[in-house]
Amino acid sequence: MKPVTARTETCSFQCTESLLGLLYVPFASNFKLHLQTPMASVTTSFILLHFFTFGNTINTKFLPCEADVNSISVDCSFRPLKYTPSFQSSSVLEIKLSYTKIKHVGHHAFAGVPNLNTLRLMGNCEPDRLGTVKSQKCRVEIHRDALKNLQNLTSLYLSKNSMTSIPLLPASLQFLDLQLNCIINIIHPLNTPNLHTLLLSKNCFYANPCNQSLYISTTVFRGLPNLKNLSLGYNNLTSVPKGLPPSLTSLDLRENTITEVLKGAFSHLTALENLNLEWNCQRCDHAARPCFPCPNNLPLHLHPEAFYSENSSISFLSLRGNSLKTVPPGLFKHLKKLKGLDLSDNLLAYEIRNGTFFEELTGLTWISLIYNYEPLKTFSELILSPHISKISGLQSLLLSGNFFLKLSNDSFNVLSTLRNLTKLELRMNFISACNLTSLKKLSSLKEIDLSQNMLNFLPCCSKSSSGIVDQETCQNQNLYTDHVHEQIPIVVDREKTSRADTWKSNQQALPENNEFKIQQPWEFKKKLCHQKLDFDLSQNDLMSLNNRVFVGLENVGCLDLSLNYMSQTLKGGMFDGMKKLVFLNMSFNRLDLYDAHAFSELKSTLKLLDVSNNDFHFKMRGMGHSFMFLKNLTSLEVLSLANNGIGMRIDQRLLSNSLKYLYFSGNHLDIMWGSDKNKYTHFFQNLTKLIYLDISNNGLKSISEQLLINLPVSIKGLSINNNLLYYFSWQNISRLSNLCHLNLSRNFLTYLPPQGADFGPFFSLLDLSHNHFTFIPENFFSKATSLKYLYLNHNQIKALSNQHLPALFKNGSSLHELTLHDNPFQCYCDTSWLADFLRTTSIQIPHLTTHVLCEFPESQQGKSLLFMDQRSCQDIYGSLAFLICSFFTIVLTVVPLLKHLYGWDVWYCLQVLWAGHKGYSKLPGKDSCHHYDAFVVFDTRNGEVRDWVYNELTVNLEKSGNRRFCLCLEERDWIPGISCIDNLHMAVKNSGKTVFVLAKGAHGAEMINGVMQQAFFMVQQRLLDEKMDTAILVLLDETFPKLKYLQLRKRLCRKSVLSWPINPKAQPLFWNQMRVALALDNLKLYDSNMSESFI
């Protein structure tokens, strides 16, 4: 189903999709939730009303949520809301609060919306193993009475919230979704007599464990007389629940731990149509997810009358993945209305060959027997039970994954009696031999799937006497007969395997629509192959083709040969006899398309040809290529040459008078159009009926004027996205007068010309997203009178000018949809008008409330542009800002000028005034009371330290510099004959500072002798007695041990701790720091936060 908000890729009056197409949902009768008639009418009416009323102007009273103009639906999903918005509106019928951060719903949360019809509160707190937040328990709590008074509420979605209980519900409720929560006990009645759908799946399973089974009291079911759809899958149920309402039409019991279905388990459910019992006793030898078999790997035990009911209405039954090896006799005999049966993923390989239960399925139209292979067993050929012939109305037979090597004449004998059989699926069976002529026995077939096998159709080694190769012998040629028992492991996701194979009854084709749409090649298949024989041979071992391979396939209308190993030059006559072939897929091979007569036998029938991803020969250096075969295909309408790496040595023109859609992405037009002499400028010009051209992913850097004017005039859609474009010739776009769709997204375009581009009368969609545009000129879209869809998201647009706003953006223009999200908008005062424009415009702007955000200024970054308040930009603030800016401008201008003219005079006057105020003080120097400037204490036994003191310290402090310091050294200045302690005391006392030179010893420990210790104690005593801190520490080694005193010293007085630099160029800085430390009082160097305690 295509969402209403999806991009519409059609043109002008042809662009709008029909409402039927938007609301169309194919009918599938396998067990899925089906809306019953009352709810369907309500939902359809709501969708229609919502479709016709949504989005002219945004309703601002619900911000930051989005609402339609009539306030019918309010969407708050995917927003960082932590609290339930308190809306006050009687017109609101639907509120979406999914995937937010709401963890609590209060008592009166919805009191302001009394007419609420639908409430979606999903995905706000997934169970632990499923959610993204693992660190803390997450749970949504809804007040017990929060929903009770919503008397018009009919649909309630509460899945993925980790709820443990159910709040009180209104009696009007018809639909209730409680999946993926933590509800394991439901004891009290729900008091919802009108409820017809109850979804309780995945409340207790391996990804949401609860270590018990879901329990539902029988009184709960008795209070649901109108319940029709009940989902109880993934809940650890060990048996079929009792007391189920007899009104049920759909019952889902998949992936529980039910081991037995007793007699008459569903006998009272006479209205039951869809029953799902799959994956209860799981087959685990090819499981892709956690697998839980029954004890001892036993199959699900089915009583022969498990499905007995006097008037059974069951039309679809799924017993998939229950490890069944046999089918009890009489199991299906009471199911007279059974139309679809899923027995896939069991162990019924021998039952398929010999079973008698098929004769009980006389009314069946669809049956799935896929993946019933016997472990470690591959049969030589397909043998089917003769009782299958009793299913006279069978339309679809799925036999994939049963492992046999051959399809013989006998294999089709049983099927030949099924006159209504339209689909036969034989995928992944390791089939290496097949007599295709036997398929003529199945005259009613419309779809045959032999993909993912080992068919090769190798040519025979000998011929008959008449010179003609025997067809059956040729097709039965087999290289793999010696490997019968070598199975390849098959891993199947039990949830996804047969979803594409689901049973569909009363299937109708979509109504044909002749409107132009941008479609991919595979999207044409459904229309082209409708009511035609579709034959799938993809993913086999085909290495070459000849006209004998397709004997027996004369009636095939659609043929898929993709993903094989074909590496040959295709020549004419290979498809002789296939006079009805309209669809041919040969992608992902190694085909050489050089021969001009290739496919010539299909010229009158073939409409779609896919030869994409055949790049092997195109990448060979020096090899020429030709597309002359195209001119012979007079009925060809769709051609895919994508991802072939086409770039050189090819025809200069493509020639076709019938081709309408050409897919040329993933090639090298950058090389072709960049070659000398404009050799390939006219490459597409002779495709006279071309309406769509895809040249994305071609490495193009520019589209020049000459290239544009040589494109076919008939083009309606042009895709040049995902290139490297920095230039596009907008002036010549008028040449493409029929153009209605232009995709230039994901390029490097930065410039739009100021003059208007002439887009033509049918032009309706322009995609410029994911480029680098910063500005939209006012007149660029002046001639785009029919443009309806414009995509400008993911660019670098910072602002739109109010005075120069393009006319296309104004109310009354043809524009229906405009994307602006993910642009770095400026939210200043001069752009505040944009918020009002976005609120009131009639143009639909997707993601307006969530992704149209401010980027500048930084204070507004990440905020919605809609929240800009123009009142914050009043004139008074502008005047005040003007005065302040003027003042600072004058100051910053006058001060530098005065400094330049009178700077020295002012400085001298200030110095004189400051000296007079401060008075005179004696400067430290020769008049100091200390005999020495510093006493240097070091370990005299360490030669390296002695050398540094005498050759570095004394030289730089006593013999150089503007000021010469007088140092006291133990070996030089101490008085002989006086005791060591007296000399030490006098040296410390008579010196202004005491310098401790520290270095590591031989073993990495600090070297501190007795003299240094005593000197340290004296310095500390002097600090206590005289309040004088005279210590200076010099570290000669950066790896000196981190003593506690040293770390404290660095914190208190960092400038008194110096480190000798390793880099010689840094030594002058060290000596400067040393002189400063010797000249100044340490107390002045203390950290201001620490000094007071030491003064």
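In the predicted model, a disulfide joins Cys827 to Cys854, with a sulfur-to-sulfur distance of 1.8 Å. The torsion about the S-S bond is -90°, and the link of Cys827 and Cys854 is accordingly described as left-handed. Distant parts of the chain are linked by this pair, Cys827 lying in the loop between strand E39 (825–826) and helix H10 (833–840) and Cys854 in strand E40 (residues 854–856), 27 residues apart. Both Cys827 and Cys854 are buried.

A search of the whole structure finds seven disulfides, among them the bond between Cys529 and Cys558, for which the S to S distance is 1.8 Å. The link of Cys529 and Cys558 is left-handed, with -115° about the S-S bond. Cys529 is placed in the loop between helix H7 (525–528) and strand E25 (533–536), whereas Cys558 belongs to strand E26, so the pair ties together parts that are 29 residues apart in sequence. Cys529 has a relative accessible area of 11% and is buried, and Cys558, with a relative accessible area of 0%, is buried as well. Another of the seven disulfides is formed by Cys125 and Cys138, whose sulfur atoms are 1.6 Å apart. Here Cys125 and Cys138 each lie in the loop between strand E5 (118–120) and strand E6 (141–142), 13 residues apart, and both cysteines are buried. Elsewhere, Cys1053 counts as buried at 0% relative accessibility, while Cys909, at 43% relative accessibility, counts as partly exposed.

The structure holds 47 aromatic pairs. In one of them, the rings of Phe575 and Phe599 have their centres 6.0 Å apart and their planes at 20°, which is under the 30 degrees required, so the pair is stacked. Phe575 lies in the loop between strand E26 (556–560) and strand E27 (583–585), and Phe599 in the loop between E27 and strand E28 (608–610), so that parts 24 residues apart in sequence are tied together by the pair. Both Phe575 and Phe599 are buried. An edge-to-face geometry is found for the aromatic pair of Phe1070 and Trp1071, with 4.9 Å from centre to centre and 75° between the planes. Phe1070 is buried, its relative accessible area being 2%, and Trp1071 likewise counts as buried at 5% relative accessibility. Beyond individual pairs, Phe550, Phe575, Phe599, Phe618, Phe627 and Phe629 are linked by ring pairs into a cluster.

One member of this cluster, Phe618, is also among the residues in contact with Asn644 once neighbours within four places in sequence are left aside, the others being Val611, Ser612, Asn613, Asn614, Asp615, Gly666 and Asn667. Asn644 itself lies in the loop between strand E29 (638–640) and strand E30 (661–663), and at 0% relative accessibility it counts as buried. A polar atom of the Asn644 side chain lies 3.2 Å from the backbone oxygen of Val611.

Charged side chains are also placed over aromatic rings. Lys202 lies over the face of Tyr234, at 4.8 Å from the ring centre, and Arg353 lies over the face of Phe379, at 4.1 Å from the ring centre.

Side chains of opposite charge can pair when their charged atoms come close, and the count for this structure comes to 23 salt bridges. Arg320 forms a salt bridge with Asp345, the closest N and O atoms being 2.8 Å apart. Arg320 is found in the loop between strand E17 (316–318) and strand E18 (340–342), and Asp345 in the loop between E18 and helix H4 (349–354), so the pair ties together parts that are 25 residues apart in sequence; both Arg320 and Asp345 are buried. In the salt bridge of Lys989 with Glu1026, the closest N and O atoms are 2.7 Å apart. This pair links distant parts of the chain, with Lys989 in helix H15 (residues 980–989) and Glu1026 in helix H16 (residues 1010–1026), 37 residues apart. Lys989 counts as partly exposed at 43% relative accessibility, and Glu1026 is partly exposed with a relative accessible area of 32%. The side chains of Asp939 and Arg941 meet in a salt bridge with an N to O distance of 3.2 Å, in which Asp939 is buried, with a relative accessible area of 2%, whereas Arg941 is exposed, with a relative accessible area of 64%. Finally, Asp252, Arg254 and Glu278 are linked in a network of salt bridges.

Methods. Residues numbered from 1 in each chain as written. Predicted model: local features only at pLDDT ≥ 70, side-chain atom pairs only at ≥ 80, totals over all residues. Heavy atoms only, no water. Phe/Tyr/Trp six-rings, centres within 6.5 Å; stacked < 30°, edge-to-face > 60°. Helix = DSSP H or I, 4+ residues; strand = E, 2+ residues; numbered from the N terminus. Buried < 20%, exposed > 50% of the residue type's maximum accessible area, 1.4 Å probe, protein only. Lys NZ or Arg CZ within 6 Å of the ring centre and 35° of its normal. Disulfide = S-S within 2.5 Å. Polar contact = N/O pair within 3.5 Å; in protein donor to acceptor, adjacent residues only side chain to side chain. Contact = heavy atoms within 4.5 Å. Salt bridge = Lys/Arg side-chain N within 4 Å of Asp/Glu carboxyl O.
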